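Dear colleague,

Please find below the structure that I am handing over to you, followed by a summary of what was found in it. I would be grateful if you could read the two side by side.

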Amino acid sequence: MIFSAKNTKLTLNGLDIIATQCALDIATTIDPRYDAGQRHSQSYFASNGVGSSMSFSHYLTGDLDKIKEFISDQGEKIGSDQRSNEGRIISGSFGGLTFTSGYLQTYSIQFNPNSPVIANSTVVFFDDLKGEFSQTDARVSEQEILNCKNITIENLSSTGVGSINDFINASYNFSVDINPVYKAGQTLPDRIYFGRKSVSMGIEVDNPTGYLPYNGVTSKFKLNLSKHNSSTATENFSCFGVLQSRSVRTSVDDKVSHMLQILTNNPKVTSNVFGIEPRPRPVFVGAGGDDVGVPLNVL
Amino acid sequence: MASIRYDKIPLIIEYGARTEKILAYDCSLSQAADLQPVKAIGFHGVAEQTPQGARTSSISFSYTPVLTGIVNTKYGSTGSFNTINEIASGLKNSKKSQTSGVMIKFGGISGEGLLSQYSLSMQPYSPVTCNVNFELFGTGTYVPISGELQESVIPKKDQDLANSVGHSAYSAFMTANSPATITSDSQTGVLQSVEYNINFAYQPVYKLGQEFPSSFLYHSAVEEASITENVFETGIAFTGKAENFKLNVKSLDNNNAMVIEMNRPVLSNNQLSVNATQIADSNKTIRSFY
């Protein structure tokens with residue numbers, strides 16, 4: 001049976017997403033096994049667990065974007081005990097197919113003049129999909145979509161960035177390394193650990209210059225979005241980092257564009273180091289039942 | 001509001017120190033908001049119709065050029081008075097990146113427009129007819145067009161005006177390599193009509209947080225002339241045949257002229273056609289790029 005997009009709902013953490021597109025990809029990691037003396041493989045083996053991802057694009061409305069919240073919360077030490085955790089796990093449903101342990105891997109937005117704001121996200125998950133593909137029948141509620149006409153940009157950068165009068169367009173990109181930890185004998189990960197997080201911002205501006213010292217330039221840009229006929233910002237995106245590159249380019253019958261690329265590895269203003277809470281390693285026991293040493297990490 | 005008749009809606013172009021009341025046959029003004037429906041997967045209906053671009057406007061009209069009048073009000077000098085032809089001639093050879101618009105006033109509505117298309121048609125025994133399109137983008141915080149439609153009292157035109165309009169009677173159509181000459185028997189064709197057209201490519205520069213462009217870039221122009229004559233020249237060149245094109249459009253009294261000169265035009269195609277009861281026509285198209 002073939003379904004229509006209007007009957008295939010996307011839900012994340014119980015929230016209906018105003019998405020323009022969604023793609024669910026499930027892939028195994030299977031390698032061929034070659035026997036000695038054979039040029040061709042007759043069998044295959046799994047070299048890793050099932051890795052799944054869901055990418056989707058959704059409009060930003062005046063309310064703070066719920067997907068964006070995962071950027072700062074996910075993989076950070078949060079809570080009163082400040083223990084390491086997997087952050088806020090995303091459960092989702094796409095056309096009735098559900099997963100329960102997803103994690104935001106990428107989140108990006110392209111800001112173009114007078115255009116609606118659309119975020120592109122990728123959620124990865126490693127558990128099995130449950131449920132069956134099913135149709136829904138709902139009417140979309142009236143909502144105001146944020147537009148780049150109502151954007152203000154705060155430039156708190158050092159003078160090395162140069163004088164900027166016009167911001168032609170901008171992009172915001174978040175990514176994080178997400179790694180599953182498998183126990184021997186298990187096909188589903190026992191836990192997830194998070195690697196490096198980074199937020200980068202690309203900004204096309206006027207006033208092309210070539211100044212870029214070897215250690216970059218301190219750059220701070222904040223994009224504030226408000227609703228039509230309102231001056232109150234209802235959403236913002238910031239990147240406080242280092243100017244990493246400049247690019248000046250043009251082509252026939254086009255303007256000269258000057259692109260700045262800013263990178264930060266500290267998406268949160270207050271940094272919490274993410275990682276595993278250290279625990280004492282098990283003590284090796286000798287053949288006679290005696291302790292042969294103490295764990296190295298508690299010395 | 002009472003209906004307004006055509007003779008109460010003047011069309012005026014202001015360019016530098018020049019102000020020209022256009023002898024227009026027709027005029028059409030349109031404006032548009034660039035909206036797209038917001039649809040979402042899993043839902044029917046639309047959340048809203050949201051903007052995806054700035055509001056724009058355009059104005060197009062056809063007219064007969066009047067080739068007399070005061071060109072420079074400061075010095076009171078007279079000359080070629082087709083302002084739009086002057087704009088087109090200057091713009092196509094412009095070396096500057098930035099450009100700006102021309103003030104257009106139409107029945108109480110006004111705005112700054114960029115000349116995007118200008119064409120001219122010449123037929124035997126006919127006044128010259130021009131067709132023009134301006135694109136209005138607005139700038140900064142200024143909307144593309146403002147004002148309200150209202151009638152104006154226009155003084156009656158001078159009877160001598162007919163002598164000043166551009167006409168094919170005394171206009172020198174072509175020079176140099178055209179009309180086509182077949183070298184074998186030295187035939188010279190009879191030129192029957194000229195259709196001239198030029199299109200300009202601009203880039204309005206929009207910035208974040210502002211609906212209307214902050215500046216305009218002029219990139220290029222494409223100029224084309226289509227000439228109908230009664231001889232056909234075979235053997236079009238692989239690399240294109242270089243032509244010369246200089247059109248002197250004169251007034252009916254042969255006193256004033258405006259000039260259109262194409263820069264190094266090249267013959268791009270040539271067509272021979274005939275219909276029953278008609279003489280054979282040859283149509284050649286030459287093009288220039290700026």
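I begin with one position in chain B. Leaving aside residues up to four places away in sequence, B:G111 touches B:S57, B:I104, B:L136, B:P144, B:I145 and B:S146. This glycine is found in strand 10 of chain B, which spans residues 109-122. B:G111 counts as buried because 25 C-beta neighbours lie inside 10 Å, the cut-off being 20 or more. B:F137 is 26 residues from B:G111 in sequence, and their C-alpha atoms are 8.9 Å apart in space.

Please bear in mind throughout that this is a predicted model. The predictor gives the complex an ipTM of 0.82 and a pTM of 0.84. For chain B the average pLDDT is 85, and 86% of the residues score at least 70. In residues 174-184 of chain B, however, the pLDDT is below 50, although this stretch has 25 contacts in the model beyond near neighbours in sequence. Where pLDDT is low, the predicted coordinates should not be read in detail.

B:T141 is found in the loop between strand 11 (129-136) and strand 12 (146-147) of chain B. B:T141 is exposed, because 8 other C-beta atoms lie within 10 Å and the limit for an exposed residue is 12 or fewer. B:T141 and B:T234 are 93 residues apart along the chain, and their C-alpha atoms are separated by 56 Å.

As to the chains as a whole, the secondary structure of chain B comes to 2 helices and 22 strands. Of its 290 residues, 32% count as buried. Among the contacts in chain B with a separation of 6 or more, 67% are between residues 24 or more positions apart.

Chain A has 1 helix and 13 strands, and along the sequence these follow the pattern β-β-β-β-α-β-β-β-β-β-β-β-β-β. Chain A has 299 residues, of which 28% count as buried. When contacts in chain A between residues at least 6 apart in sequence are considered, 67% join residues at least 24 apart.

Strand 11 (residues 217-226) and strand 12 (residues 233-249) of chain A run antiparallel and are joined by 10 bridges. Within this pairing, A:K222 stands opposite A:S238 in strand 12 of chain A. The hairpin of these two strands has 6 residues between them, and A:N229 there takes a positive phi near 60 degrees. Strand 12 of chain A is also joined to strand 13 (residues 257-264) of chain A, by 7 bridges and in antiparallel fashion. Here A:S247 has A:M259, in strand 13 of chain A, as its bridge partner.

Finally, I turn to the interface. How many residues does the contact take from each chain? It takes 38 residues from chain A and 27 residues from chain B. On the side of chain B that touches chain A, the elements giving two or more residues are strand 5 (49-51), strand 16 (191-205) and strand 17 (215-229) of chain B. The residues on that side of chain B divide into 13 nonpolar, 11 polar and 3 charged.

With kind regards

How values were computed
Residues numbered from 1 in each chain as written. Chains lettered and ligands numbered in written order. Predicted model: local features only at pLDDT ≥ 70, side-chain atom pairs only at ≥ 80, totals over all residues. Helix = DSSP H or I, 4+ residues; strand = E, 2+ residues; numbered from the N terminus. Contact = placed C-beta atoms within 7 Å. Nonpolar A, V, L, I, M, F, W, Y, C, P; charged D, E, K, R; others polar. pLDDT = per-residue confidence, 0-100. Pairing = 2+ DSSP bridges.
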